[in-house]
Amino acid sequence: MRPIGRVVSPLTDLSAAPKQGFEAGPDAWVEFEPDLADGFRDLKPGDQVYLLTWLDRARRDILVVHPRDDPAAPQTGVFSTRSADRPNPIGLHPVEVLTVEEDRFQVRHLEAVDGTPVLDVKPVIRRSEA
């Protein structure tokens with residue numbers, strides 16, 4: 001697997017990042033490797049997509065967490081949580097496309113920090129479109 005691009009975001013401090021994009025995730029850019037830009041040429045403002053990212057700063061040796069880092073919450077297996085810490089730290093981010101440029105596009109409400117590798121982009125498909 002190779003990253004297809006990177007997140008460019010004002011979020012630089014992992015501990016200050018929101019847990020989910022809808023919880024004050026800022027607008028951010030997804031910049032693509034130049035040879036892959038044709039792959040997103042049909043995206044347009046208003047499109048809903050999922051970004052799949054590699055949460056490269058996450059711990060891969062954790063299997064049990066306190067959900068949302070709340071020590072009062074009972075410990076829970078990572079596969080029942082959205083914790084970034086997990087054996088394969090793949091991030092799933094539902095976002096809205098705001099702007100599309102030649103080798104990048106801007107999205108709304110992305111909680112991934114600056115520099116996070118992007119693995120893929122998938123359109124949100126609603127049952128009526130399937």
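Trainee: What percentage of the residues count as buried?
Mentor: Keep in mind that this is a predicted model. Of its 130 residues, 38% count as buried.

Trainee: OK, and how many helices and strands are there?
Mentor: The protein has 8 strands and 0 helices. Along the sequence that reads β-β-β-β-β-β-β-β. The radius of gyration is 15 Å, close to the 14 Å from the globule rule for 130 residues, so the protein is as compact as a globular protein of that length.

Trainee: What does the C-alpha trace span along the principal axes?
Mentor: About 45 × 35 × 30 Å.

Trainee: Back to the strands. Which way do β6 and β7 run when they pair?
Mentor: Antiparallel, over 4 bridges, with β6 covering residues 90-100. A hairpin of 3 residues links β6 to β7. Valine 100, for instance, has phenylalanine 105 in β7 as its bridge partner.

Trainee: And which strand do 4 bridges join to β2?
Mentor: That's β7 (residues 104-108), antiparallel to β2 (residues 28-32). There, alanine 28 has valine 107 as its bridge partner in β7.

Trainee: How much of the contact set comes from residues 24 or more positions apart?
Mentor: They make up 74% of the contacts with a separation of 6 or more.

Trainee: Switching to the outside: which residues form a nonpolar patch on the surface?
Mentor: Leu63, Val64 and Phe79, with about 340 Å² of accessible area together. Leucine 63 sits in the loop between β3 (48-54) and β4 (64-65).

Trainee: And what's the accessible surface of the protein?
Mentor: About 8,100 Å², with 51% belonging to carbon and sulfur atoms.

Methods: Residues are numbered from 1 along each chain as its sequence is written. This is a predicted model: local features need pLDDT of at least 70, side-chain atom pairs count only at pLDDT 80 or more; totals for chains, interfaces and linings use all residues. Side-chain values use heavy atoms; hydrogens and water are left out. Patches are made of residues with over 30% relative accessible area and no salt bridge: like charges are joined within 9 Å, nonpolar side chains (Val, Leu, Ile, Met, Phe, Trp, Tyr) within 5 Å. Accessible areas come from the Shrake-Rupley method with a 1.4 Å probe; for residues, only the protein chains shown count as cover. A salt bridge is a side-chain nitrogen of Lys or Arg within 4 Å of a carboxyl oxygen of Asp or Glu. Helices (H or I, at least four residues) and strands (E, at least two) are DSSP runs, numbered from the N terminus. The radius of gyration is taken over C-alpha atoms; the globule rule is 2.2 Å times the number of residues to the power 0.38. Buried means under 20% relative accessible area, exposed over 50%, partly exposed in between (1.4 Å probe, protein chains only). Contact means heavy atoms within 4.5 Å. Two strands pair if DSSP finds at least two bridges between them.
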